Each structure stands twice: as structure tokens, then as C-alpha cells.
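Work through the exercises below with the sequence and the structure open beside you. Try each task before reading its solution.

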Amino acid sequence: MHSASARQRSDGIWGVVPLKAPECAKTRLAGVLSHASRRSLFFSMANHVISTLKASSQIARLLVVTPSEISAEMARAAGAEILWGPPDEGMANACARATAHVAAAGGQRVMFVPGDLPLLDVAAVDMLSRAPVDAIGMAPNREGYGTNGLICRPGAIPMHFSGHSLSAHKDAARRAGIDVWIVRSRSWALDVDLPADLDEFKSSIKNVQWRGYDESSNE
């Protein structure tokens, strides 16, 4: 017989965060940040995302998919389980492997979250978790075409996390006959990939508490 706590873990939402090796991350910021600053930014944002998911009462288990021992070490320290993956497999493939892992463990729902959302907070995580259980819940990026958060039953649709992924996910949901539930939130919208994203982040952190990255190493 399963205990109540075991049932709660199995029935709850798994948070999944794919993480690259730090030396491969944030390369599109190479023109404005040094390697040391990009590395600091990568770890600060990843730690923030993992800690935020960990703090949400809606997230029963937390899984980080990574090929990197040093990324795994940080994730473990923040309370995540680790699923090892090959280098350069891409976020969609990492999420597909995580989906199989969650399904094999008996998980009923999974929330995919990139590790570069510096404004993510518990309220935003909880908002997306309130998507109807049999729907696909999604949070767009600030341009409105990317997907910065997605929740669904394991294997409900194929994952897409590049280019116009929001429309790709909507099309996949429509083909599967699954309703779509959209959350538009500034906390989900900002992912830091390009210099303009970094400028937006710097202007935003004036009003939020956040463990900032070490920009001094860029000097």
C-alpha cells in the first residue's frame, strides 16, 4: 500500500529544467559579456529558476536534465534530481527524455521551464500550474512566439523549444484534440538570450529581489 506522501509525490507536478554545460551557454551574449560574466549569469539564473520551482507548493518533484557535472552539482545543491543527457542534444530532446523519465516514475503532469528566466517567481509558477489537468498550459516569451513555460500530461504532445514554438505547440495540441490554456505574465516572459534581453533584465532588477550575477568579471 502506498503512503499518503508517496501518492502526493506521484500525483503532483514534476518541474523539469534542461541545463547546458556552462561553457556552451549564453554564447549570443559574447559580444557584450566576457566568458566569466556569461558563466556567472548562467548559474545565477539557473539557480534562481530551480529555487523558485522548489519553493512552489505545486511542484512535487524537480528534475534537471544536463550533460554537465558542474551544472548537476549546482542543481543538486538547490534540491533537484539529475537526469544525465548527451551534450548538445537540444532542449526539445532533453524534454522528451525527461518526459519518458517522469512517465516511468508515475508522474501525472510535467512543467517544462528554461533555466534562463530571471524574473520567474512562485506566483507565476502557481498560475501556470492551475491550467486544467487535461489541457496544455503555456507561457509565451515577451515577443509572443516562443514558449517559456509549458505544462501537460507526460507525452501529451511533442516538445518544440526553438523558433516559433508557441504556434508549434498549439498546432500539436489541436491535432491531439487537447485544449490550450495561455498564461501571459511578465514573470514568464523574459528569457535572457540576446543583448536586448540583458538590457531589459538590468532595468527590471531595480524593482525585484534577485541574486544578481557578477558583472564585475566583465571588466
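**Exercise 1.** Is Val122 buried, partly exposed or exposed? Then find its surroundings.

Solution. The model is a predicted one.
Step 1: Val122 has a relative accessible area of 29%. Buried means under 20% and exposed means over 50%, so Val122 is partly exposed.
Step 2: Val122 lies in helix H5.
Step 3: Apart from neighbours within four places in sequence, the contacts of Val122 are Thr52, Ala55 and Ser56.
Step 4: Ser51 is 71 residues away from Val122 in sequence, yet their C-alpha atoms are 9.4 Å apart in space.

**Exercise 2.** State the strand order of the open sheet of seven strands and find its edges.

Solution.
Step 1: The order is E3-E2-E1-E4-E6-E5-E7, and the pairing is mixed.
Step 2: The edges are strand E3 (81-84) and strand E7 (180-182). Each has a single partner strand, so one side of each has no neighbour in the sheet.
Step 3: On average, neighbouring strands of this sheet are turned by 20° against each other, direction ignored.

**Exercise 3.** Describe the pairing of E1 with E2, and decide how far E1 is enclosed.

Solution.
Step 1: Strand E1 (residues 13-18) pairs with strand E2 (residues 59-66) in the parallel sense, over six bridges.
Step 2: Among the bridge partners in E2, Ile59 belongs to Ile13 and Leu63 belongs to Val16.
Step 3: Ile13, Gly15 and Val17 point one way from E1, while Trp14, Val16 and Pro18 point the other way.
Step 4: Six of the six residues of E1 are buried, so the strand is largely enclosed by the rest of the structure.

**Exercise 4.** Describe how helix H2 packs against helix H3.

Solution.
Step 1: Helix H3 (residues 69-77) lies across E2 and E3, and runs at about 160° to E3.
Step 2: The axes of helix H2 (residues 35-55) and H3 come within 10 Å, crossing at roughly 35°. The crossing is right-handed.
Step 3: From H2, the residues in the contact are Arg39, Phe42, Phe43, Ala46, Asn47 and Ile50; from H3 they are Ile70, Ser71, Met74 and Ala75.
Step 4: Sorted by type, the contact has seven nonpolar residues, two polar and one charged.

**Exercise 5.** Which residues of the largest nonpolar core touch the most other members?

Solution.
Step 1: In soluble globular proteins, nonpolar side chains tend to be buried together.
Step 2: The largest core here has 31 residues, and Ile50, Leu53, Met111 and Trp188 touch the most other members.
Step 3: E1, H2, E2, H3 and helix H5 (122-129) each give two or more residues to this core. The largest share, six residues, is from H2.
Step 4: Take Leu53 as one example. Beyond its neighbours within four places in sequence, Leu53 is in contact with Val17, Ile59, Leu62, Met111, Val113 and Val125.
Step 5: A second, separate core has 22 residues, including Val16, Leu63, Ala172 and Ile178.

**Exercise 6.** Where do Lys26 and Asp88 lie, and is each one buried or exposed?

Solution.
Step 1: Lys26 is in the loop between E1 and H2, and Asp88 is in the loop between E3 and helix H4 (91-104).
Step 2: Lys26 is not a glycine but has a positive phi of about 60°. Asp88 also has a positive phi, near 60°, without being a glycine.
Step 3: Lys26 counts as buried, at 12% relative accessibility, whereas Asp88 counts as exposed, at 72%.

Terms used
Residues are numbered from 1 along each chain as its sequence is written. This is a predicted model: local features need pLDDT of at least 70, side-chain atom pairs count only at pLDDT 80 or more; totals for chains, interfaces and linings use all residues. Side-chain values use heavy atoms; hydrogens and water are left out. Two strands pair if DSSP finds at least two bridges between them. Helices (H or I, at least four residues) and strands (E, at least two) are DSSP runs, numbered from the N terminus. Axes are lines fitted to C-alpha atoms, for helices over the stretch in contact, and angles run from 0 to 180 degrees between N-to-C directions. Contact means heavy atoms within 4.5 Å. A crossing is left-handed if the near helix is turned anticlockwise from the far one by less than a right angle, and right-handed if clockwise. Ala, Val, Leu, Ile, Met, Phe, Trp, Tyr, Cys and Pro count as nonpolar, Asp, Glu, Lys and Arg as charged, and the others, Gly among them, as polar. A nonpolar core is a set of buried Ala, Val, Leu, Ile, Met, Phe, Trp, Tyr and Cys residues joined through side-chain atoms within 4.5 Å. Buried means under 20% relative accessible area, exposed over 50%, partly exposed in between (1.4 Å probe, protein chains only).
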